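Here are my notes on the model, point by point. Please read them with the structure open.

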Amino acid sequence: MTPRAAHVPCSQGTHLPSLDGLRGTAVLLVLGFHFAHLEGAPGGAERVLIGATGFGWSGVDLFFVLSGFLITGILLDAKGSPGYFRAFYLRRMLRIFPLYYAYLAVLFLVVPHILPASSLDVKPGSQGWLWSYLGNVLFARERGFGASPYAGHFWSLAVEEQFYLAWPLLVWLLTPRRLAAVSLALVGGAFALRLGIHRTSWNATAAYVLTPCRADALAVGALVAVAVREEAGLARLRRLAPWVLAACAAAVAAIWLARGAFFGGDPAVQTWGFTPLAVGYGAVLVLALSSPRGSPLARGLSAGWLREAGRYSYGLYVLHYPAFLALEAAGLGPAALARALGSRLGGILAFTALAAAASLAAALASWHLLERRFLRLKDLFPYGRGSARRPPALSSAARG
């Protein structure tokens with residue numbers, strides 16, 4: 001994710017609140033999707049709630065679009081500067097590695113000494129894949145997430161880390177125009193690869209988690225980053241964005257109606273829905289970047305609570321999954337709470353509140369005790385002044 005840097009860039013060192021708001025939106029979509037569920041067939045009220053949060057899996061796609069935009073912006077602005085690769089990789093490591101590896105260390109090295117190993121349900125041999133940021137390849141091979149359930153959500157972190165490894169070299173080697181061409185090719189290639197997978201192996205997990213299959217969302221963000229650095233580029237995108245968003249929303253709605261749902265594990269959604277979803281989120285990003293201060297969208301995305309969710313989004317994403325799985329393992333799942341409260345809807349809402357509180361507490365602890373301490377070290381590895389022209393329209397975004 002990334003999800004997942006707390007502050008991200010374009011140029012000159014101040015901050016765009018709307019980007020924190022988009023990041024907060026993305027992580028809240030994911031949390032709602034995972035928290036609002038119920039065993040058995042839901043009734044009317046529960047069906048409405050679960051249906052309303054059922055689209056939340058797409059928050060990961062919004063994260064990918066944001067990552068493609070922000071990382072490409074960082075690299076374009078630093079291109080040609082001394083220490084380009086060193087600064088990028090060291091700053092990414094300081095942002096991502098501490099919590100990621102602390103989580104794996106606790107999961108695999110500490111918890112087995114406290115709880116029976118069977119309670120984690122980890123398949124032998126799965127650890128190496130996760131330690132090396134290849135969890136998405138593991139889950140694709142297994143055709144599911146059972147190899148390491150408490151780290152199943154790490155597939156998206158693997159996608160982003162693999163993107164971070166390859167993308168800086170491409171930005172360094174290519175002109176912005178050629179980089180845009182490569183990004184367009186990645187959008188088409190991701191669609192073609194998912195189509196090929198479902199015409200041959202029907203491995204829906206591979207189509208969902210492998211980096212080449214999800215490259216269209218990252219590439220859409222990269223295209224926005226390139227375009228806004230052209231003369232009047234953001235203004236041109238702003239004129240197109242409402243029409244693009246409407247077309248993508250119509251495509252998503254058509255698939256939703258045809259399939260009865262818009263679920264990320266559905267092969268039809270993966271084949272035909274992922275690309276319009278990514279492009280639509282790209283249009284949302286453009287509108288967020290170009291909306292004047294005081295507009296309804298800018299005010300909404302700048303809301304304090306949403307920006308705070310964005311600030312802690314990485315910790316929320318990493319730690320929400322074990323939080324709700326642990327609650328269920330402790331007998332505090334939605335069904336158990338529904339029986340205790342005498343209401344199935346009440347059970348879902350109570351579980352969501354408990355899981356959200358536990359996730360937030362864990363994310364706050366992670367931020368103040370771990371992440372923030374490493375982030376202070378990023379100042380030791382500043383970006384030099386690159387040769388790329390920085391877009392005035394984005395000069396209020398923070399460096400990542």
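1. Start with Leu237. Leu237 sits in helix H11, residues 233-259. Helices are DSSP runs of H or I with at least four residues, strands are E runs of at least two, and both are numbered from the N terminus. Leaving aside neighbours within four places in sequence, Leu237 is in contact with Val224, Ala227, Val228 and Val286. Contact means heavy atoms within 4.5 Å. Leu237 and Ser290 are 53 residues apart in sequence, and their C-alpha atoms are 8.9 Å apart in space.

2. A word on the basis. This is a predicted model: local features need pLDDT of at least 70, side-chain atom pairs count only at pLDDT 80 or more, and totals for chains, interfaces and linings use all residues. Residues are numbered from 1 along each chain as its sequence is written, and side-chain values use heavy atoms, with hydrogens and water left out.

3. Now the core. The largest nonpolar core has 104 residues. Leu19, Phe69, Phe154, Trp155 and Leu285 touch the most other members. Helix H3 (residues 59-78) gives the most to this core, with 13 residues. A nonpolar core here is a set of buried Ala, Val, Leu, Ile, Met, Phe, Trp, Tyr and Cys residues joined through side-chain atoms within 4.5 Å. Buried means under 20% relative accessible area, exposed over 50%, and partly exposed in between, with a 1.4 Å probe and protein chains only.

4. Take Phe154 from that list. Which residues does Phe154 touch, not counting residues up to four places away in sequence? They are Tyr100, Tyr103, Leu104, Leu130 and Val318.

5. Aromatic pairs deserve a look. A search of the whole structure finds 32 of them. Phe64 and Trp155 form an edge-to-face pair, 6.0 Å centre to centre with 80 degrees between the planes. The pair links distant parts of the chain: Phe64 is in helix H3, Trp155 is in helix H7 (residues 155-173), and they are 91 residues apart. Both Phe64 and Trp155 are buried. The rule covers rings of Phe, Tyr and Trp (its six-membered ring) with centres within 6.5 Å; planes under 30 degrees apart count as stacked, over 60 as edge-to-face and the rest as tilted.

6. A second pair has another geometry. Why does the pair of Tyr100 and Tyr133 count as stacked? The ring centres of Tyr100 and Tyr133 are 4.0 Å apart and the planes are at 15 degrees, so the pair is stacked. Tyr100 lies in helix H4 (residues 84-110) and Tyr133 in the loop between helix H5 (127-131) and helix H6 (135-142), so the pair ties together parts that are 33 residues apart in sequence. Both Tyr100 and Tyr133 are buried.

7. Ring pairs link Phe55, Trp57, Phe64, Trp155, Tyr208, Trp256, Phe262 and Phe274. Tyr208 also has Arg214 over its face, at 5.0 Å from the ring centre. Elsewhere, Arg92 lies over the face of Tyr164, at 5.6 Å from the ring centre. For this, NZ of Lys or CZ of Arg must be within 6 Å of the ring centre and within 35 degrees of the ring normal.

8. On cysteines: how many disulfides are there? The count is zero, with a disulfide taken as a pair of cysteine sulfur atoms within 2.5 Å. For Cys213, the nearest cysteine sulfur is that of Cys248, 20 Å away. Cys213 is buried at 0% relative accessible area, and Cys248 is buried at 10%.

9. Last, the charges. The structure holds nine salt bridges, each a side-chain nitrogen of Lys or Arg within 4 Å of a carboxyl oxygen of Asp or Glu. Arg23 bridges to Asp20, with the closest N and O atoms 2.6 Å apart. Arg23 and Asp20 are three residues apart in helix H1 (residues 17-35), about one helical turn. Arg23 is buried at 2% relative accessible area, and Asp20 is buried at 4%.

10. Two further bridges are worth checking. Asp216 forms a salt bridge with Arg194, the closest N and O atoms being 3.0 Å apart. Asp216 lies in helix H10 (residues 211-227) and Arg194 in helix H8 (residues 176-200), so the pair ties together parts that are 22 residues apart in sequence. Asp216 is buried at 2% and Arg194 at 0%. Glu308 and Arg311 meet at 3.9 Å, N to O. Both lie in helix H14 (residues 304-311). Glu308 is partly exposed at 38%, and Arg311 is partly exposed at 26%.
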